[in-house]
Amino acid sequence: MATPMPSIALKMNAPTNLSSEQPYAVFAGTNTGFLKGCSFSNKSPVNINSVEVPVKGNEIVDICWWDNEKESFILAGHKDGRVLNYSLDDGTVINVSTKLTEDKSFLRSIRSYGNSLVVTAFSNGKVDCNNYALSKSSQSGNMVMDQRATAVALNAGQDLFCMDHNISLGSQIATGGKENPLKIWDITSPEQPIFTAKNMPNDWLNLRVPIWVMTAEFVPHTSKIVSGTGYSQIRLYDPSAQRRPVIEVQLKGCKDPITALALRPSFENQLVVGTTTGTLALVDLRKKDIIQHFKGPSGGVTDIKFHNSCPLFAACGIDRYVRFYDVNLNKKQLHSIYMQSQVNCLLFSSKSLLDENVVGPQWYPKSKTADLTSENSSNLSDQSEKQNTEDDNDESVWNTFKVIQTKKRKKQPKSSSTGKSKIKKV
Amino acid sequence: MSLIMPQIKNKQRRGEVYKQYLKEKRKAKLEEKKKRRKEEKEMGAKAPPKKKPKTIESMRVPDETMVDPTNLETQLDLEQDEMAPYFRQETTPKVLITTSDRPKKKTNSFCKELKKVIPNSFVKYRRGLDLKKIIPQAIERDFTDLIVINEDAGEPNGLVLCHLPDGPTAEFKMMNAKLCKELKRLGEMTEHFPEVNIHNFNTRLGVTIGRMLSCLFPHRPNYQGRRVVTFHNQRDYIFFRHHRYQFRNTEKVSLQELGPRFLLRLRSLQKGTFDSKSGMYLWIHKRHEMDTSRRKFHL
């Protein structure tokens, strides 16, 4: 970009840290500005970049993959509006945009799509959609992000809290905030939202229900969207059906805002939510209740992410820990990593091999995990095929078992029971 | 001996044997002590070091959040937290002390004594105002901290410490609050700026709490006044004491207690100013999850 790098430069550490021998399982962005990588086997995280000056704007608010297939570039959105692209292969930092935020607004979230589109959302409601191309500059030989097409800017209204991008429908964006209902936008027509959620009907005292959308996430491969509110409700919207939520769940015994939410892959109606007081729970939308609480977080949860092939998820919070849980196993954490500064966002790498010490081998037979992690594909069709083959295998296993027959005891014929035995024989 | 004892069936005989056993035990202990003293006298400095007593604290479960002051990242984190302007000497503390609604006599006099302890502090009557309404007004008037004393049955039992203008907020349970009147052999308080002694706050959470507490007092203590305010953390209980010290000779120092006493226990630490409904918590004490081991401490 034409503007020079800001004075608060972030340097990448020596690329030796990023050797591909042991890829990091999880990347985390912290409030001090460090981007960290951690693995299951190691208790201490590694800093990928280095920060020298303590400035509040350095805080990494959100991270995402620049290339979802190869997973070699990470986009990190800083609080003051800068977006940096960290290359994991050669350890370089590419400055994507230096558009610093105005007055008091700050970056809320960042998403990328199809190796070109970068969507950044700010707290004052501005959403910028830019197209970039990664190329080598002719002068210095360094990688440069060039802005391609004209930028699209949306105004999603004051007090924006969340933004999500629909991966299956590349042009859809969802936004929401405080007194700012959930809206779905089409990038190609940025003037009007294509869907605006209608507020819930008045309560039993005929008072207006306040709106506070804290998080929102598209259900994969659909246009449905799940949102968590500041009054501990979870709502499932189906834009094709109605403007009010199709399903609404009020968490029982919990009045804290939902700050993080993650849908469980291959389970349509289950999701994990985290609140400001450190409640972490698996919720079923159909059952409208909490299925399981997870123990561990001592402070507010900021982000939850699922592994895309194992029933494993990670939660991070401002208690400076990243914790790993198994959804099926039990409520205790499998592994926790102390990160030294408050963690804002998480990103799972699908390259990571799971360690048997962390994940119980009884849940993941060796061959299965190797298969899944090597292919890295998360297509639904593939998964369903795999499931089919697994089912077949299961049946063949049953056939190999011997049928155990219980021997009948030969009873000594007593004088009184002789009559009955005779009847049976007949 | 202890093996035979339970097998003796006669109660009287058993009791006698047990008494004998205790006597021998005591004797052995005394002899051991005598021997050690003799050794110390003979060998002087070369004597084997004293055995350290086994306490809950010495057997503390290792905590990975222990702060290493040389760590660059922690330094960076501390330099940009909310208390950093005070430690950069950019702000001077100004403290607002208030109570819960309709305070009883003890809470009122406790506030007055707290006002004497903390220089540049002001006691204000609550007047039934919401904390969320007080805080913006206090920020406008350049207050840097807000202390709220809560009471139950006339006894102060809670303390909310809110750093202004943007947090954090700590909520403490207060126990054993003793006014000056209730203490014996007390000295007269002076108006010199006190020295602050923050002791044994070692984890990352503890450091934040320690920084919040030291933020209440002005930067330059008056060493002539020899007033010292102590916050001592022991097993997650924070002891508050207020003393004047005096050097008797080059070796001996004597202390005279001055002010009120109280004991604090952290309940929660919240990001931002007081907002118990929708505020983000940095740490919350969860009894059933956290208090599983007696040897695990958080501060």
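User: What is the relative accessible area of Glu248(A)?
Analyst: The figure is 27%, so Glu248(A) counts as partly exposed. The cut-offs run like this: buried is under 20% relative accessible area, exposed is over 50%, and partly exposed lies in between (1.4 Å probe, protein chains only).

User: What sort of model is this?
Analyst: This is a predicted model, where local features need pLDDT of at least 70 and side-chain atom pairs count only at pLDDT 80 or more, while totals for chains, interfaces and linings use all residues. Residues are numbered from 1 along each chain as its sequence is written, chains are lettered from A and ligands numbered from 1 in the order written, and side-chain values use heavy atoms, leaving out hydrogens and water.

User: Back to Glu248(A). Which residue forms a salt bridge with Glu248(A)?
Analyst: Arg235(A) does, and the closest N and O atoms are 3.0 Å apart. The two sit in distant parts of the chain, 13 residues apart: Arg235(A) in strand E21 (residues 233-237) and Glu248(A) in strand E22 (residues 247-250), both of chain A. Helices (H or I, at least four residues) and strands (E, at least two) are DSSP runs, numbered from the N terminus.

User: Is Arg235(A) buried or exposed?
Analyst: Arg235(A) is buried, because its relative accessible area is 7%.

User: What counts as a salt bridge?
Analyst: A side-chain nitrogen of Lys or Arg within 4 Å of a carboxyl oxygen of Asp or Glu. Side chains of opposite charge can pair when their charged atoms come close.

User: Which residues join into one network?
Analyst: Asp62(A), Arg111(A) and Asp164(A), through salt bridges that share partners.

User: New topic: strands. Which strands pair with E8(B)?
Analyst: Strand E7 (residues 227-234) joins strand E8 (residues 237-247) by 8 bridges, antiparallel, in chain B. Strand E10 (residues 261-270) of chain B is joined to E8(B) by 4 bridges, also antiparallel. Strand E9 (residues 253-257) of chain B pairs with E8(B) over 5 bridges, again antiparallel. Pairing requires DSSP to find at least two bridges between two strands.

User: Which residue stands opposite Val228(B)?
Analyst: His243(B), in E8(B). Likewise, Gln246(B) stands opposite Ser254(B) in E9(B), and Tyr237(B) has Arg265(B) in E10(B) as its bridge partner.

User: How many residues lie between the strands of the E7(B) and E8(B) hairpin?
Analyst: There are 2 residues between them, and Arg235(B) in this hairpin takes a positive phi near 55 degrees. The hairpin of E8(B) and E9(B) has 5 residues between its strands.

User: What forms the nonpolar patch on the surface of chain A?
Analyst: Trp204(A), Leu205(A) and Leu207(A), with about 420 Å² of accessible area together. Such areas come from the Shrake-Rupley method with a 1.4 Å probe; for residues, only the protein chains shown count as cover. Patches use residues with over 30% relative accessible area and no salt bridge: like charges are joined within 9 Å, nonpolar side chains (Val, Leu, Ile, Met, Phe, Trp, Tyr) within 5 Å.

User: Where does Trp204(A) lie?
Analyst: In the loop between strand E18 (195-196) and strand E19 (213-218) of chain A. Trp204(A) is exposed, at 77% relative accessible area.
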